[in-house]
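Hi,

Here is the structure I promised to pass on. Could you have it open while you read my notes below?

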Protein chains: 2
Amino acid sequence: MRTFKLAIAYDGTRYHGWQRQKGQTTVQEVMEEGLAKIFGEPLSITASGRTDAGVHALGQVVSFSSGGRIPLQNIVAAARGVLPDDIAVLSAHLAPEGFNARFDALGKRYIYRIVQSGKQDPFRVNYTWLLGEKLDIAKMQSAAQYIIGTHDFSSFQASGSTPTQPERTVSEALWEHVEDELVFSVAGNGFLYHMVRNLVGSLVEVGNGQRSPEDFCELLAARDRRLAGKTAPAAGLYLKEVYY
Amino acid sequence: MRTFKLAIAYDGTRYHGWQRQKGQTTVQEVMEEGLAKIFGEPLSITASGRTDAGVHALGQVVSFSSGGRIPLQNIVAAARGVLPDDIAVLSAHLAPEGFNARFDALGKRYIYRIVQSGKQDPFRVNYTWLLGEKLDIAKMQSAAQYIIGTHDFSSFQASGSTPTQPERTVSEALWEHVEDELVFSVAGNGFLYHMVRNLVGSLVEVGNGQRSPEDFCELLAARDRRLAGKTAPAAGLYLKEVYY
């Protein structure tokens with residue numbers, strides 16, 4: 001038995017998220033079935049975290065153990081032969097026995113892409129938030145500063161979810177202009193369910209003037225999901241990197 | 001009755017091309033059914049030309065006549081409400097009675113996108129040719145010069161097709177580096193079926209050294225499809241503009 005750590009990328013558009021669900025096509029199911037062919041036995045694959053329907057991955061990390069005898073250096077090319085074109089294995093490494101992509105993750109980085117023009121764009125509708133509002137990126141950056149450090153992020157958890165431990169540490173929160181898009185890059189030791197999309201939803205309300213950066217600071221301090229803005233759409237979100 | 005001329009864009013990934021076909025989802029069918037809702041009657045829409053399955057449009061032009069009473073300036077927004085997000089009406093104009101997007105077209109411009117790295121890329125597989133060969137763009141440009149002007153393009157027509165008139169006039173044929181891609185832009189008064197994809201297939205064989213630019217010139221002169229290279233994949237092709 002060897003334990004493997006794979007970095008993967010996927011276009012989440014046609015998947016119902018990472019996690020196996022009855023009657024839905026998910027990345028986990030497609031990967032388990034594809035890789036089982038090259039490992040010669042059923043596999044149970046663990047991701048660093050599930051991604052929701054329509055969310056993309058540029059650097060998701062997964063782990064599994066198998067007695068399959070495929071040479072390590074053949075895995076990337078062999079996976080390309082058995083997986084659909086919208087899921088790519090970027091790299092394959094051996095990991096220590098017991099390695100778990102989810103529980104051993106030290107942190108993650110996400111990016112979120114926004115197009116301000118609001119024009120219909122058939123080529124970006126599944127890959128960005130086509131927003132249609134002029135946003136003040138300087139104000140959004142001022143507000144984003146408040147999330148750096150360790151905070152109780154209850155205001156930004158998914159409605160109805162009640163994590164046992166709502167504190168997370170954010171190490172980076174940066175808005176940048178990239179061509180005609182606004183791109184938010186956020187890194188931290190972990191994220192509550194829907195946290196990045198909820199942060200983006202409320203930061204956009206700072207950008208369009210509905211809230212001030214100080215209001216955003218109070219929102220964070222209030223630890224009350226009902227006060228936050230709407231959840232940004234899944235299409236703009238990318239899991240960029242997982243740290244171990 | 002008014003006659004309309006619409007510029008449209010679509011992501012061709014999930015469509016079986018422009019033209020209505022029984023049992024397949026096509027852009028024509030989806031547009032006719034969507035726009036019928038805002039015009040209040042069935043429509044028969046003509047495009048400047050059909051695009052194949054997986055081919056994209058940045059500036060396709062379509063025409064139709066209708067007695068529907070929707071104000072001209074409302075069409076773009078109303079279309080957004082009734083069409084799927086991967087088909088966009090970019091502009092709507094009135095045209096003279098009898099205007100026909102196909103027969104009145106004076107010329108077209110296509111672009112073709114190639115990625116040389118050959119790495120699997122889930123986000124570009126449906127939008128480029130992920131080729132995996134180093135190409136010499138200078139040689140490809142030298143060869144492309146030969147198609148400028150009026151020629152019999154029989155060598156680049158689809159296998160098995162026999163157009164009554166295989167002469168076409170090409171006014172521009174340009175290879176450019178755009179970020180990490182090679183992009184071919186070609187304009188002319190018309191194109192035979194599969195002509196752009198067949199040109200790209202043979203020009204790539206110049207770029208990778210299988211043919212010289214002079215061989216390509218002879219290929220054009222030979223007027224024999226059997227001598228040409230393979231047809232480049234649909235995913236890299238975009239109908240950029242139609243001229244009237």
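Before anything else, a word on touching: two residues are in contact here when they have heavy atoms within 4.5 Å. Please also keep in mind that this is a predicted model.

With that cut-off, what does Glu133(A) touch, leaving aside residues up to four places away in sequence? The partners are Gln116(A) and Asn208(A). Glu133(A) sits in the loop that runs between strand 6 (129-130) and helix 3 (137-145) of chain A. Its relative accessibility is 31%, so Glu133(A) counts as partly exposed. Val204(A) is 71 residues away from Glu133(A) in sequence, yet the two C-alpha atoms are 9.0 Å apart in space.

Chain A as a whole

Chain A contains five helices and 10 strands. Its radius of gyration is 19 Å, close to the 18 Å that the globule rule gives for 244 residues, so chain A is as compact as a globular protein of that length. Along the principal axes, the C-alpha atoms of chain A fill a box of roughly 60 × 40 × 30 Å. As for burial, 56% of the 244 residues of chain A count as buried. If you take the contacts in chain A between residues at least 6 apart in sequence, 71% of them join residues at least 24 apart.

Lys240(A) belongs to strand 10 (residues 237-243) of chain A and is partly exposed, at 36% relative accessibility. Which residues does Lys240(A) touch, not counting those up to four places away in sequence? They are Leu58(A), Gly59(A), Arg109(A), Tyr110(A) and Ile111(A). Lys108(A) is 132 residues from Lys240(A) in sequence, with 7.6 Å between their C-alpha atoms.

Glu214(A) is in helix 5 (residues 213-222) of chain A. With a relative accessible area of 44%, Glu214(A) is partly exposed. From Glu214(A) to Leu43(A) there are 171 residues in sequence and 49 Å in space, C-alpha to C-alpha.

Helix pairs

Two packed helices are described by the angle between their axes and the distance between the axes. I looked at one pair in each chain.

In chain A, helix 1 (residues 27-39) and helix 2 (residues 75-82) have axes that come within 9 Å and cross at roughly 125°. That angle makes helix 1 of chain A oblique to helix 2 of chain A. The crossing of this pair in chain A is right-handed. On the helix 1 side, the contact is made by Gly34(A), Leu35(A), Lys37(A), Ile38(A) and Phe39(A), while helix 2 of chain A brings Ile75(A), Ala78(A), Ala79(A) and Val82(A). Sorted by class, the residues of this contact in chain A are seven nonpolar, one polar and one charged.

In chain B, helix 3 (residues 137-145) packs against helix 4 (residues 195-207) at an angle of about 135°, and their axes are 8 Å apart. Helix 3 and helix 4 of chain B are therefore oblique to each other. Is their crossing left-handed or right-handed? Helix 3 and helix 4 of chain B cross in a right-handed way. Lys139(B), Met140(B), Ala143(B) and Ala144(B) come from helix 3 of chain B and meet Leu203(B), Val204(B), Val206(B) and Gly207(B) from helix 4 of chain B. This contact in chain B has six nonpolar residues, one polar and one charged.

Backbone angles to check

Most residues other than glycine have a negative phi, and most peptide bonds are trans. Two residues are worth a look with that in mind.

Glu179(A) has a phi near 50°, a positive value in a residue other than glycine. Glu179(A) lies in the loop between strand 8 (167-178) and strand 9 (181-188) of chain A, and is exposed, with a relative accessible area of 68%.

Arg223(B), which is not a glycine either, has a positive phi of about 50°. You will find Arg223(B) in the loop between helix 5 (213-222) and strand 10 (237-243) of chain B. Arg223(B) is exposed too, with a relative accessible area of 53%.

Best wishes

Methods
Residues are numbered from 1 along each chain as its sequence is written. Chains are lettered from A and ligands numbered from 1 in the order in which they are written. This is a predicted model: local features need pLDDT of at least 70, side-chain atom pairs count only at pLDDT 80 or more; totals for chains, interfaces and linings use all residues. Side-chain values use heavy atoms; hydrogens and water are left out. Axes are lines fitted to C-alpha atoms, for helices over the stretch in contact, and angles run from 0 to 180 degrees between N-to-C directions. Helices (H or I, at least four residues) and strands (E, at least two) are DSSP runs, numbered from the N terminus. Angles under 35 degrees count as roughly parallel, over 145 as roughly antiparallel, 65 to 115 as roughly perpendicular and the rest as oblique. A crossing is left-handed if the near helix is turned anticlockwise from the far one by less than a right angle, and right-handed if clockwise. Ala, Val, Leu, Ile, Met, Phe, Trp, Tyr, Cys and Pro count as nonpolar, Asp, Glu, Lys and Arg as charged, and the others, Gly among them, as polar. The radius of gyration is taken over C-alpha atoms; the globule rule is 2.2 Å times the number of residues to the power 0.38. Buried means under 20% relative accessible area, exposed over 50%, partly exposed in between (1.4 Å probe, protein chains only).
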